[in-house]
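Please look at the sequence and the structure below before reading on. The report that follows goes from the whole chain to a few single residues.

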Amino acid sequence: MRNLLRFLPFVAMIVFACTADPNESTTEDDVLTSQANSCIDDDPVTRVVNNGTVAFSLLVANGNGSALVDIPNIPPDTTTSWASFPEGEVIFYLNTDESSIDDKVTLQMNSCMAYEIEIDANNEIVSYTPTTL
C-alpha cells in the first residue's frame with residue numbers, strides 16, 4: 001500500500017498533463033471567424049469539404065476562362081485549405097473522374113467573401129451560397 005501511494009503524485013501529474021484544454025484548440029472555422037472580424041478589402045476565398053466517397057478537383061476561373069485556383073484530386077474525407085483569388089464574376093468547376101458528377105456554379109465574388117463547397121456522402125454538392133466575412 002505504501003508503494004502505491006508513492007506513485008499517486010505521478011499518476012495525477014500524467015492525467016493533468018495529458019488533458020486537453022478546450023480553450024487552446026483552434027479550428028479552421030475559428031480562423032475564418034477571426035478573418036471575418038478583421039476583413040478589409042481582402043480577396044475572396046474558397047475551399048472544398050469533401051465528405052464524399054470519391055476524389056474531386058476544383059477549378060476556379062474568371063469570365064475569360066483563366067484559372068485562378070486549381071486544386072486537383074481532393075481525396076474523400078478531406079478539407080482543403082482556404083485559397084484566395086481576385087474578386088469578380090468567377091466560375092467554380094467541381095468534377096471527378098470516378099462518377100458522372102461535373103458541376104459548375106457562377107458567382108459574383110466580392111472582397112471579404114468566402115465560398116465553402118461541401119460535398120455530402122452521396123457525392124453531391126450541398127452548398128451553393130457564399131458568405132460575407
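Residues are numbered from 1 along each chain as its sequence is written, and side-chain values use heavy atoms, with hydrogens and water left out.

**Confidence**

The predictor's confidence in each residue is given as pLDDT, on a scale from 0 to 100. The chain has an average pLDDT of 80, and 71% of its residues score at least 70. Confidence is lowest in helix H1 (residues 2-18), with a mean of 46, and highest in strand S5 (residues 83-84), with 97. Over residues 7-27 pLDDT stays under 50, and for this stretch the model has two contacts beyond four places in sequence, a contact being heavy atoms within 4.5 Å. Where pLDDT is low, the predicted coordinates should not be read in detail.

**The chain as a whole**

Helices (H or I, at least four residues) and strands (E, at least two) are DSSP runs, numbered from the N terminus. The chain has two helices and nine strands, and along the sequence they follow the pattern α-α-β-β-β-β-β-β-β-β-β. Of the contacts with a separation of 6 or more, 54% are between residues 24 or more positions apart. A residue is called buried under 20% relative accessible area, exposed over 50%, and partly exposed in between (1.4 Å probe, protein chains only). Buried residues make up 32% of the 133 residues in the chain.

The partners are Glu116 and Arg47, whose closest N and O atoms are 2.5 Å apart. Glu116 lies in strand S8 and Arg47 in strand S1, so the pair ties together parts that are 69 residues apart in sequence.

**Asn50 and its surroundings**

Asn50 lies in strand S1 (residues 45-50). A polar atom of the Asn50 side chain is 3.0 Å from the backbone oxygen of Ile74. Leaving aside neighbours within four places in sequence, the residues in contact with Asn50 include Ile74, Asp77 and Ile119. Between the C-alpha atoms of Asn50 and Glu118 the distance is 6.1 Å, although the two residues are 68 places apart in sequence. Glu118 belongs to strand S8 (residues 113-119), and, not counting residues up to four places away, Val49 and Asn51 are among the residues that Glu118 touches.

Two further residues deserve a look for their backbone angles. Asn73, in strand S3 (residues 67-74), has a positive phi of about 50° although it is not a glycine. Asp77, in the loop between S3 and strand S4 (78-79), has a positive phi of about 60° and is not a glycine either.

The table lists the accessibility of the residues discussed.

| Residue | Relative accessible area | Class |
|---|---|---|
| Asn50 | 0% | buried |
| Arg47 | 5% | buried |
| Glu116 | 29% | partly exposed |
| Glu118 | 29% | partly exposed |
| Asn73 | 58% | exposed |
| Asp77 | 67% | exposed |

Notes
A polar contact is a pair of N or O atoms within 3.5 Å; within protein, one must be able to donate a hydrogen and the other to accept it, and residues adjacent in sequence count only if both atoms are side-chain atoms. A salt bridge is a side-chain nitrogen of Lys or Arg within 4 Å of a carboxyl oxygen of Asp or Glu.
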